[in-house]
Amino acid sequence: MIITSAKPFEEILDMLKGEDDIFIVGCNVCAAKLKTGGEPEVLNMCRNLEKSGKHVVGWALPTASCSIRSFESLVEKNDKINEASCILVMGCGSGVSAIASVVDLPVYGSNNTISLGGSTGGELLLNLCVMCGDCTISKYGGLCPKAQCPKALLNGPCGGAVNGMCEVNREKNCVWSLIYDHLKKINRLDLLYITHAPLEHGVN
Ligand code: SF4
Ligand code: SF4
């Protein structure tokens, strides 16, 4: 699941300065689960924009905003989009990009895209993966330090953990403690003897 958080409404309003006739596209998958772009949030956004003097021409809630492949598929959901002068997407960055590639209008995003995460037992898990493009998670028994260690240490731990809690964020387990516990449980502590080379952060 792509993790998003809603931008403050004032920021969205500022982004839409000079725009009117707004069409809103929500996302009925990840953003709906996170309450950043499902039907209640879209309707709330319509109301708040209208209250702020904006004109919302209509809205649509595709299954996933990132799955939109044509303008016609948006028209099928609500042909009011033909009256729009801009689109506000309440999904993740991929949803914004997918829609911007099929419409000839300015496209804005109402959310910040944070990471790939999940949820379990009602708890939202952030930063399970930061989509680095070179997955080495298997070398750590299936827990990713690039995503879950605030220092992104590939050869951890840093030594600052207290009682298994991270020194940067005391409310979070040190992922290196979790990696150790997990590798011990599966009898693969040998993986900790591997030294990982520094990451290449250059752009080709
Ligand atoms: S190494 Fe970590 S951040 Fe990179 S793709 Fe794998 S899980 Fe995601
Ligand atoms: S305490 Fe653990 S998770 Fe926190 S910065 Fe150090 S190694 Fe990373």
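**Exercise 1. Determine which element gives the largest share of the lining of the largest pocket, and describe that pocket.**

Solution. Strand β7 supplies six residues, the largest share of the lining. Strands (E, at least two residues) and helices (H or I, at least four) are DSSP runs numbered from the N terminus. The model is predicted: local features need pLDDT of at least 70, side-chain atom pairs count only at pLDDT 80 or more, and totals for chains, interfaces and linings use all residues. Residues are numbered from 1 along each chain as its sequence is written, chains are lettered from A and ligands numbered from 1 in the order in which they are written, and side-chain values use heavy atoms, with hydrogens and water left out.

Step 1. A pocket is an open set of points on a 1 Å grid over the protein atoms alone, with protein on both sides within 12 Å along at least five of seven lines; a cavity is a set where a 1.4 Å probe fits but cannot get out; lining residues have an atom within 4 Å of a point.

Step 2. The lining of the largest pocket comprises 16 residues, and E123, L125, L126, Q148 and K172 lie nearest its centre. Two or more lining residues come from each of β7 (123–129), α6 (145–148) and α7 (175–185).

Step 3. The space in this pocket is about 360 Å³, a volume being the space filled by probe spheres set on grid points joined across faces, edges and corners.

Step 4. By class, nine lining residues are nonpolar, four polar and three charged. Here Ala, Val, Leu, Ile, Met, Phe, Trp, Tyr, Cys and Pro count as nonpolar, Asp, Glu, Lys and Arg as charged, and the others, Gly among them, as polar.

**Exercise 2. State which space ligand 2 takes.**

Solution. Step 1. Ligand 2 takes the space of the largest cavity; a molecule sits in a cavity if more than half of its atoms lie within 2 Å of its grid points.

Step 1. About 110 Å³ of space lies in this cavity. Its lining has 18 residues, with C149, P150, C158, C166 and C174 closest to the centre.

Step 2. Ligand 2 is surrounded by 13 residues, the closest being C149, C158, C166, E167 and C174; a residue counts as near if one of its heavy atoms lies within 4 Å. This shell has 11 nonpolar, no polar and two charged residues.
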